Amino acid sequence: MTLSHPPLSPQWHAALRAASPVLWLRPDRAAPAEAAPYTLADVEAAQARFARFAPLLAELFPELRATDGVIESPVLAAPRMQAALKLPEASGRLWLKADHALPVAGSIKARGGIHEVLEFTETLALARGLIAPGDDYRRLAEPRARACFAQYQVAVGSTGNLGLSIGVIASALGFRAAVHMSADAKAWKKARLRARGVEVVEHPGDYEKAVAAGRRQVEADPHGYFVDDERSASLFLGYAAAALTLRGQLDAAGIRVDAEHPLFVYLPCGVGGAPGGIAYGLSLLYGAHAHCFFAEPVQSPCFLLRMMAGAGQLPGLPVPPSVYDIGLNNQTEADGLAVPRASDLAYAAVGGTLAGAYTVADDTLYADLARLHDTEGLRIEPSAAAGFDGPRHLLGSTAGQDWLRTQGLLPHMARATHLAWTTGGLFVPADEYERFLRRGHALAAGN
């Protein structure tokens, strides 16, 4: 079902409650300057922090030595996946931003999560005289620095991938690391954290409850620091810095982004921080020429509901709404996207600038995971496949075509770039991935 932005209809509400895939399109996008208090300089400062820490990161993580401590992923053309998805070449080319292959943490969370821990580390190290501005940050691997960091705990509440990024970097720097995980977090992610010496605290219930429990625990620790996925500007800006690198990668690939060469970006969304930061960074760089869409599971469309509430389309429901408020259960195989309520910070920043949002069934995630394996030879986790349904929604529906027409985009679609952001999968165990693949092949064969 696809609708643009009319008043809420009974059919639309029924489709959401029934967990049917939907596409929501926004005709009235705000300019980035109206949306959040962050500037391009703030995003560039986050990128500069990564650069200052790069020599230390190369020392701490052998997999970063070849890149001199830079944590980045490639942009890849995906012509065979485009053919498998039956996306017409006349509507543009499909590319991937391969964050499923990000080193150290194996997901998009390596961006925001690692940035926030680095910012905390830098602030603490400067205050304690461990470094001075302009110093070589490799000094922070020396015994004096590690003894200082060992006095502090860094904690986070997570369904999986953010916990991996926080736990791995905090532990490597010498902090006591704790990850509060919800019941739906994958067992292999918990095992990987424990193998790194990270304390894993399991909580019954969902993501919100794990975050709340972690926040309470850290508040009682005078040397505790809590990474708050729902409220953190540092996480947000760490994600936003990806837009700066992406601009260089698109330039190197000969991909233009302007009025005649529109960019469509499809971002899997949980609480909204990672896709929100990236979308915000892209809006700063490309303005109205970058059209970002959030992808969510049919049982967990928290950001879609928040945007609808902001548009006055959810009368009678609380603001901000939860997926439970419309009878959904927040259960999905896409564990990193199983979030009942959107981040207010992310919504305030990008809720007005997004082109739209759509929902994806778990079966579709698995089928597209298998298609990507068979066509491009790439291994991702189910949540990372959410981006591939966006071009099908947009290009294959009447409402999508109508929206492109009203936005003045139809004449330029042959020169469009469709970028699916693959957000995780590098560290999925082989047996787990084979299970994904078998299910995906069975589902793809039935389509």
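Colleague: Helix α2 (residues 40-60) and helix α4 (residues 109-127) pack against each other in this predicted model. What is the angle between them, and how far apart are their axes?

Modeller: The angle is about 80°, and the axes are 10 Å apart.

Colleague: What makes α2 roughly perpendicular to α4?

Modeller: Angles of 65 to 115 degrees count as roughly perpendicular. With about 80° between them, α2 is therefore roughly perpendicular to α4.

Colleague: Which residues meet there, and how do they divide by class?

Modeller: From α2 come Ala46, Arg49, Phe50, Arg52, Phe53 and Leu57. They meet Arg111, Ile114, His115, Leu118, Glu119, Thr121 and Glu122 of α4. By class, that contact has six nonpolar, two polar and five charged residues.

Colleague: Let's turn to α17. How do you know that the span of helix α17 (residues 430-446) agrees with its number of residues?

Modeller: Happy to go through it! At 1.5 Å a residue, its 17 residues should span 24 Å. The end C-alpha atoms of α17 are 24 Å apart, so the two values agree.

Colleague: Which residues of α17 are buried, and why are they said to be on the same side?

Modeller: The buried ones are Glu432, Tyr433, Phe436, Leu437 and Gly440. They cover an arc of only 135° around the axis, so they are on the same side of α17. Among the elements covering them are α7 (187-195) and α14 (362-376).

Colleague: And which residues are exposed on the other side of α17?

Modeller: Those are Asp431, Arg438, Ala442, Ala445 and Gly446.

Colleague: Now for the loops. Why is Ala19 called buried?

Modeller: Buried means under 20% relative accessible area. Ala19 has 17% relative accessibility, so Ala19 counts as buried. You'll find Ala19 in the loop between α1 (10-17) and β2 (23-25), with a positive phi of about 60° although it is not a glycine.

Colleague: What makes a positive phi worth a remark?

Modeller: Most residues other than glycine have a negative phi.

Colleague: How do you know that Asn330 counts as buried?

Modeller: The cut-off is under 20%, and Asn330 has 1% relative accessibility, so Asn330 counts as buried. Asn330 lies in the loop between α12 and α13, and its phi is positive too, about 60°.

Colleague: What kind of peptide bond joins Val319 and Pro320, and where is Pro320 found?

Modeller: That bond is cis, with omega about 5°. Pro320 is in the loop between α12 (302-310) and α13 (344-350).

Conventions: Residues numbered from 1 in each chain as written. Predicted model: local features only at pLDDT ≥ 70, side-chain atom pairs only at ≥ 80, totals over all residues. Heavy atoms only, no water. Helix = DSSP H or I, 4+ residues; strand = E, 2+ residues; numbered from the N terminus. Buried < 20%, exposed > 50% of the residue type's maximum accessible area, 1.4 Å probe, protein only. Expected span 1.5 Å × (residues − 1). Arc of directions from axis to C-beta. Contact = heavy atoms within 4.5 Å. Axes fitted to C-alpha atoms, helices over the stretch in contact; angles between N-to-C directions. Parallel < 35°, antiparallel > 145°, perpendicular 65-115°, else oblique. Nonpolar A, V, L, I, M, F, W, Y, C, P; charged D, E, K, R; others polar.
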